[in-house]
Amino acid sequence: GMIMPQGQSFYKINENPFSILGKSSIHMRGMMGQFFIGIVVIYVIMNWTPEFLSMAFPYTVMDFLVDIGKIDSEIAAKISGAPTVAMYLFALLFNGVMKLGKALYVLTFMRNRKVEYGAIAEGFRFYFKALLLFLVETFIVAVWAMLLIIPGIIAAIAFSQSFFILADNPEKGVFEILSESKMRMFGNKMTYVKLIVAYIPYFLIAYLPIIVISNLSFINSETISGIIVLLIAEIPLFCAYGFLSLGQSVFYELLISEGFDNFRYTGEDAFRQELPVRKNIRSNDGK
């Protein structure tokens with residue numbers, strides 16, 4: 001069943017989300033470029049591959065519904081921007097393993113202060129478990145979201161630790177992983193939401209190039225060159241996602257090691273500094 005072993009207690013995170021953000025940024029010092037290269041590779045594979053696939057195979061979901069007689073062709077023609085079948089297939093087959101690869105990559109950097117691009121591909125060793133975890137998690141969240149939006153969001157937050165747990169415990173079963181994530185997030189959901197909110201300013205700044213470029217009249221999103229320019233404008237957004245992923249990995253580490261004082265590995269220094277984060281940032285910048 002989905003019940004954790006008796007007597008197992010779970011840690012409630014008391015650490016300030018802004019402290020997690022600050023300490024993560026200190027941890028990245030001098031290695032930011034190297035770290036973000038790996039993140040950009042992950043998001044390019046996850047976001048750009050479906051785009052190019054849909055250009056090469058423009059057969060949409062609407063076309064499919066017309067072909068099987070489920071929808072009238074005139075109605076289908078009026079619905080623009082329908083995702084292509086290639087996009088769906090790519091998401092189905094590779095999102096799980098890429099999410100696992102990202103968890104392995106970010107945890108390796110956070111724990112060892114070492115950039116290991118090979119960690120991204122490590123996820124393929126557990127391809128089928130990552131695929132199953134992605135499918136089951138997506139299905140449960142989708143069902144809750146269809147019933148009501150808020151329960152869908154709560155379910156997504158409850159399962160937010162699943163790929164980190166899989167990265168650390170590939171021997172665990174899919175339902176065991178989801179159950180553990182749910183149990184660990186009990187009493188920690190609001191702190192997790194606050195952590196996401198702390199990163200919003202970075203996303204707003206990272207989104208500016210996309211807004212500027214998409215409003216330039218001479219950029220035609222229908223052409224290959226226009227699409228490439230728009231895709232390049234997404235790179236700062238990928239970096240923002242990477243910065244958030246690092247914060248999420250610190251959140252996960254706090255859940256399992258029960259506080260910054262118990263972080264025991266290379267590169268722990270940034271997370272164990274006693275001074276307020278802002279003072280640290282100033283003093284380090286002043287060196």
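Select the lining of the largest pocket: by class it has 12 nonpolar, 6 polar and 3 charged residues. Nonpolar here means Ala, Val, Leu, Ile, Met, Phe, Trp, Tyr, Cys and Pro, charged means Asp, Glu, Lys and Arg, and the others, Gly among them, are polar. The model is predicted: local features need pLDDT of at least 70 and side-chain atom pairs pLDDT 80 or more, while totals for chains, interfaces and linings use all residues. Residues are numbered from 1 along each chain as its sequence is written, and side-chain values use heavy atoms, without hydrogens and water.

The space in this pocket is about 680 Å³. Zoom to its centre: K99, K102, S160, Y192 and Q248 are the closest of the 21 lining residues. Next, colour α14 (235–257), one of the elements giving two or more residues to the lining; α14 supplies the largest share, 4 residues. Helices are DSSP runs (H or I, at least four residues), numbered from the N terminus.

Now show α8 (149–158) and α11 (189–198). Their axes come within 10 Å and cross at roughly 90 degrees, so the two are roughly perpendicular (65 to 115 degrees). Axes are lines fitted to C-alpha atoms over the stretch in contact, with angles from 0 to 180 degrees between N-to-C directions. Display I154, I157 and A158 of α8, which meet K189, Y192 and V193 of α11 (contact: heavy atoms within 4.5 Å).

Finally, colour by pLDDT, the predictor's confidence from 0 to 100. The chain averages 82, but residues 1–7 stay under 50.

How values were computed:
1 Å grid on protein atoms, 1.4 Å probe; cavity = no way out; pocket = protein on both sides within 12 Å on 5 of 7 lines; lining within 4 Å. Points joined across faces, edges and corners; volume = space filled by probe spheres on them. Parallel < 35°, antiparallel > 145°, perpendicular 65-115°, else oblique.
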